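Thank you for coming, everyone.

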Amino acid sequence: MNGDDHGSIIVITGPMFSGKSTELRRILKRYEIAHKDFVLFKPAKDNRYSDTEVVTHDGLSQPATVVPVDESCRSIILNASKNVSIVGFDEVQFWEKSADLPGLARELALQDKTVYATLLNLDFTGKPFQSAGDLLNHANRVISLTAVCRKCGSDNAVYSQRIDESGSPVLTGETIKVGGEGEYSPRCRKCFLDPSTLLLKRDGPAKATAGRDPIIVPPGMPKERVPSI
Ligand SMILES: [Zn+2]
């Protein structure tokens, strides 16, 4: 919280359980003490619009405005941000690419607002979220957090391993899946089991799909128009 952060984009990034939302809450709390108005947006999982709270993994909460994850969020966000100088976004990776959150963040920063965003650094396959686009590249500051590796205990986890009930790594599935303790396990580089590598070992090169669901090509759609994930 600096006096010269006006017009800045500040991204708080890291794996699951690295304290991203807690850090954002801490920053916003300081604005609250300083009597500065802010608004915090949270992505809706079911596209409903309501006032609720961002609850961090340690159970702390922060009032937030829940907005749709598609392009219809734009007018709601711009309207609700009109009279504040600080705008926060929680879990930017959940917004769809069509919502263009990075573009919206730049627009708000151009209005001289301070924009904060928390971003899960990598998906469960160890790849960046396409939906977050170039947000990190346009950030004025990046607060990079690590978590405690649940396997070796080092304070250096940067990966979010998706695990099943038995604790084994999940190899395929949707990139976006809301989950908490028990479904994700922060891992350091040495302890992270890359789903692409495991798939390759299990199925051989022909079947391995880099941990992601295969893209279904709609009939008649030219292959080059298939969106990349
Ligand atoms: Zn480790």
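Let me start with helix H3, residues 101-110, whose buried residues are Leu101, Pro102, Leu104, Ala105, Leu108 and Ala109. These residues span an arc of only 160° around the helix axis, so they lie on the same side of H3; the arc is taken over the directions from the axis to the C-beta atoms. By buried I mean that 20 or more other C-beta atoms lie within 10 Å of the residue's own, while exposed means 12 or fewer, and partly exposed falls in between, with the C-beta atoms placed from the backbone. Helices (H or I, at least four residues) and strands (E, at least two) are DSSP runs, numbered from the N terminus.

Before going further, two remarks on what we are looking at. This is a predicted model, in which local features need a pLDDT of at least 70 and side-chain atom pairs count only at pLDDT 80 or more, whereas totals for chains, interfaces and linings use all residues. Residues are numbered from 1 along each chain as its sequence is written.

The pLDDT is the predictor's confidence in each residue, from 0 to 100, and its mean over the protein is 84, with 79% of the residues reaching 70 or more. Confidence is highest in strand E1 (residues 9-14), at a mean of 98, and lowest in strand E3 (residues 50-55), at 59. Over residues 213-229 the pLDDT is below 50. Where pLDDT is low, the predicted coordinates should not be read in detail.

Back to H3, then: what covers its buried residues? The cover includes E1, helix H2 (73-81), strand E5 (86-89) and strand E6 (114-120). If we take Leu101 and leave aside its neighbours within four places in sequence, Leu101 is in contact with Phe89, Val92, Trp95 and Leu135, where contact means that the two C-beta atoms, placed from the backbone, lie within 7 Å.

Leu101 also belongs to the largest nonpolar core, which has 46 residues, and it is listed with Val11, Val92, Ala105, Val115, Ala117 and Leu135 as having the most contacts inside that core. Such a core is a set of buried Ala, Val, Leu, Ile, Met, Phe, Trp, Tyr and Cys residues joined through C-beta atoms within 7 Å. Among the elements that each supply at least two residues of this core are E1, H2, E5, H3 and E6.

Now let us turn to E5, where Ile86 and Gly88 point one way, Val87 and Phe89 point the other way, and all are buried. E5 runs parallel to E2, joined by four bridges, and E5 is also joined by four bridges to E6, again in parallel; two strands pair if DSSP finds at least two bridges between them. Ile86 is the bridge partner of Phe38 and also of Thr114 in E6. Together E5, H3 and E6 make a right-handed β-α-β unit, meaning that, with the strands pointing away from the viewer, the path from the first strand over the helix to the second runs clockwise.

Finally, H2: which of its residues are buried, and which are exposed on the face turned away? Cys73, Ile77 and Ser81 are buried, and they cover an arc of only 50°, which puts them on the same side of H2. The face turned away from that buried side carries the exposed residues Ser75 and Asn79.
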